[in-house]
Amino acid sequence: MEFSTGQPLAEYNRIYKETDQLYHGLALRMGLADSELVILYTLALSGDGCLQRDIVGNACLSKQTVNSATRRMVRQGLLTLTPGKGREMQMHLTEAGRHLAARTVLPLARAERAAIDALTEEELQTYLALSRKLLEQLRRTTAGL
């Protein structure tokens, strides 16, 4: 079977993969697994902690990935877990976790903010609207796969 993706689809895939590689490379340079970077980022920017299920939902990571990374980060002294409602666990950064976040994810968040600020308000709103529209179209067209 022969299928041609066409130039726009090929460019979309290249940009998506290049962005993923950029964040993977950043995580490696920071000495973190990708999932650890996401957890640290979420906790550092959320204030006083969050539930594991919130990271699963917001970061689009599997429960198993979040659970494995969380256990590793607890062993490293970066996180603490406290019981929430039922079986839920509330995650909090330790002092060591806050120091690591200050050296890693906070500079990353500032760099992301600077990149976003380089766009005009109209460019940003157009980008966000088109990204949401493309995601919704992908959900529709892949629903039966």
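Glu 36 is buried, with a relative accessible area of 5%; buried means under 20% relative accessible area, exposed over 50%, and partly exposed in between (1.4 Å probe, protein chains only). The model is predicted, so local features need pLDDT of at least 70 and side-chain atom pairs count only at pLDDT 80 or more, while totals for chains, interfaces and linings use all residues. Residues are numbered from 1 along each chain as its sequence is written, and side-chain values use heavy atoms, with hydrogens and water left out.

The chain contains seven helices and three strands, where helices (H or I, at least four residues) and strands (E, at least two) are DSSP runs numbered from the N terminus. Their order from the N terminus is α-α-β-α-α-β-β-α-α-α. The C-alpha trace spans about 50 × 40 × 25 Å along its principal axes. Of the 145 residues, 23% count as buried.

Helix H1 covers residues 6–29, and its end C-alpha atoms are 34 Å apart. Gly 31, which follows H1, has a positive phi near 75 degrees.

Side chains of opposite charge can pair when their charged atoms come close. A salt bridge is a side-chain nitrogen of Lys or Arg within 4 Å of a carboxyl oxygen of Asp or Glu, and the count by this rule is nine. Glu 36 pairs in this way with Arg 72, the closest N and O atoms being 2.7 Å apart. This pair links distant parts of the chain, since Glu 36 is in helix H2 and Arg 72 in helix H4 (residues 63–75), 36 residues apart. Arg 72 is partly exposed, at 29% relative accessibility.

Arg 72 is also among the residues touched by Ser 35, a contact meaning heavy atoms within 4.5 Å. Ser 35 belongs to helix H2 (residues 34–46) and is buried, with a relative accessible area of 12%.

A second salt bridge joins Arg 53 and Glu 88 (2.3 Å, N to O). Arg 53 lies in helix H3 (residues 52–59) and Glu 88 in the loop between strands S2 (79–83) and S3 (89–93), so the pair ties together parts that are 35 residues apart in sequence. Glu 88 is partly exposed, at 24% relative accessibility.

Within helix H1, Glu 18 and Arg 14 are four residues apart, separated by about one helical turn. Their side chains meet in a salt bridge of 2.2 Å, N to O.

Conventions. Expected span 1.5 Å × (residues − 1). Lists of a residue's contacts leave out its neighbours within four places in sequence.
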